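Welcome, and thanks for taking a look at this one. Please open the structure beside the text, and follow along topic by topic.

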Amino acid sequence: IVNQSVSPTAANGNSTVAIALSFQEPVKAVILDDGALNFQIPQNDDDTSPDPQLFVYEYQIGETDAEGTYPFEVTATDMVGNTATISLDDSLTIDKTLPDLTYTVEKNGTTMADATALYLKDADILSVSLVLSEAPKDTPRLNLGTYGLVCTADADTAAYDYDCTLTIDKDNLDEGIADLSASFEDAAGNPYAAPLKAGIRLDYTAPLLTLSKNKNTTYNKSNQILISVNSTEELSELIINGVPQSDLSDRTWDITPDTSDGEHLINATAKDLAGNEAIELQGSYFVDWTYPTATIGGFPANTARFPKVAAVNFTVASADINDPITVEVQQADGSWSPCTNGACKYTTAEGTAGSDTQETVTIRYSDAAGNTVTANAGTVYVDRKAPTFTFQKSKQGTYNATDQIVLTVTASEELSAVTLNGTAQSADTISWNITGVNTTGNH
């Protein structure tokens, strides 16, 4: 035999194996001992065959052919009967067992457990270490989606180890979900193809942090303060005012408010599950839980009397010039009227003719935050009844020459003007003595 070949030398259950033999001279008989694989052996009766020096045998491996290594031995007879037995250089290995592998996935040098969801951002390094169960026909192929990782054999180990890496580039890999899969064939052509880690998320978008408040102006004493930090996606890290948050299961984090007066700052930083960093959140809220105080000026004295539907004027001013207030006065009908620059006007009620009343004047004033105080400005006497007079005499009969004549006129209330018998009297009192006339007659 001057040339010989067995192709392939390793085959699986779906392979066709060919053996080619080239002899030095024409031969008429060739016996191939193939270890019971039953290769078909053609016969040449003479040297008139198409090519009595070249023989090609083929065999389709079947289900019943056992795994193992099969050597070949050839016995050939030339045209005059000389016989030679020759062992072929190559043998055939039948391997029907599918190959397998084990693997380890790392993100930026940190091993990721199989059960852990994997998130990758731009410039992350994905590393996969493969240990094959047997020698591959070619370098194994590892893909993230449709994008291939570069795999090289690990020269430091005697096993079939490969190191595969990929630097995530957002310009080449779209955001979304991709599977990490591996494939290779062993020397016999048996394939391995399977996903190693499904549902890897490629995320290049930073989370957005926002601040929610139930009031955009200053919180006052009566307000419930509800403030929260919100994220557009799940986070792996959140720090609010320097305090790392331990519960990251939600996308909203309520803040315990500071109820002391003044401005309170909120600062937050965050990273999403892929490690993208959010733009720092900076916000604030204002609290004013101090009720305002006020001074009332110009309110009429308790002795003052007002007619019906009359104006009662007074002023209300903030006791703190740095805490301006708005003031309202409640009218007799229950409605509220604003005071202009602290100048307030109350109008007495129409009431019932002939019936005097005392009316309490109520005010309310509020600071800029809405803290409101309701107070009593004072009481006014509304006079709807005409005054009456009583006449008192020191004697109920006719005065005689020896009697002292004492006469008094008394008003039912204070008066603004009074005349007795045509003579104006002092209005500083409600009682006036009259000098009696001692001439005989009726007076």
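This is a predicted model: local features need pLDDT of at least 70, side-chain atom pairs count only at pLDDT 80 or more; totals for chains, interfaces and linings use all residues.

The structure holds two disulfides, an open sheet of five strands, and a largest pocket of about 630 Å³.

**Disulfides**

- Counting the bonded cysteines along the chain, the disulfides follow the pattern 1-2, 3-4.
- The link of Cys151 and Cys164 is right-handed, with 115 degrees about the S-S bond, and both cysteines are buried.
- Another disulfide is formed by Cys339 and Cys344, whose sulfur atoms are 2.1 Å apart.
- Why is the disulfide of Cys339 and Cys344 right-handed? The torsion about its S-S bond is about 115 degrees, so it has that hand.
- Cys339 and Cys344 are both buried.

- Strands of a sheet pair through backbone hydrogen bonds, either parallel or antiparallel.
- Strand 33 (residues 357-366) and strand 34 (residues 372-382) run antiparallel and are joined by ten bridges.
- Within this sheet, Tyr365 stands opposite Val373 in strand 34.

**The largest pocket**

- The space in the largest pocket comes to about 630 Å³.
- Its lining has 24 residues, and those nearest the pocket centre are Tyr399, Ile405, Val437, Gly441 and His443.
- Strand 35 (389-393), strand 36 (406-411) and strand 39 (431-435) are the elements that give two or more residues to this lining.
- By class, the lining of the largest pocket has twelve polar, nine nonpolar and three charged residues.

**The second largest pocket**

- The volume of the second largest pocket is about 170 Å³.
- Among the residues that line the second largest pocket are Ile1, Phe23, Gln24, Glu25 and Val27, along with Asp78, Asn82 and Ile86.
- Strand 7 (73-78) and strand 8 (83-87) each supply at least two residues of this lining.
- Which classes make up the lining of the second largest pocket? There are six nonpolar, four polar and two charged residues.

Definitions and conventions:
Residues are numbered from 1 along each chain as its sequence is written. Side-chain values use heavy atoms; hydrogens and water are left out. A disulfide is a pair of cysteine sulfur atoms within 2.5 Å. Buried means under 20% relative accessible area, exposed over 50%, partly exposed in between (1.4 Å probe, protein chains only). Two strands pair if DSSP finds at least two bridges between them. Helices (H or I, at least four residues) and strands (E, at least two) are DSSP runs, numbered from the N terminus. On a 1 Å grid over the protein atoms alone, a cavity is a set of points where a 1.4 Å probe fits but cannot get out, and a pocket is an open set with protein on both sides within 12 Å along at least five of seven lines; lining residues have an atom within 4 Å of a point. Grid points are joined across faces, edges and corners, and a volume is the space filled by probe spheres set on the points. Ala, Val, Leu, Ile, Met, Phe, Trp, Tyr, Cys and Pro count as nonpolar, Asp, Glu, Lys and Arg as charged, and the others, Gly among them, as polar.
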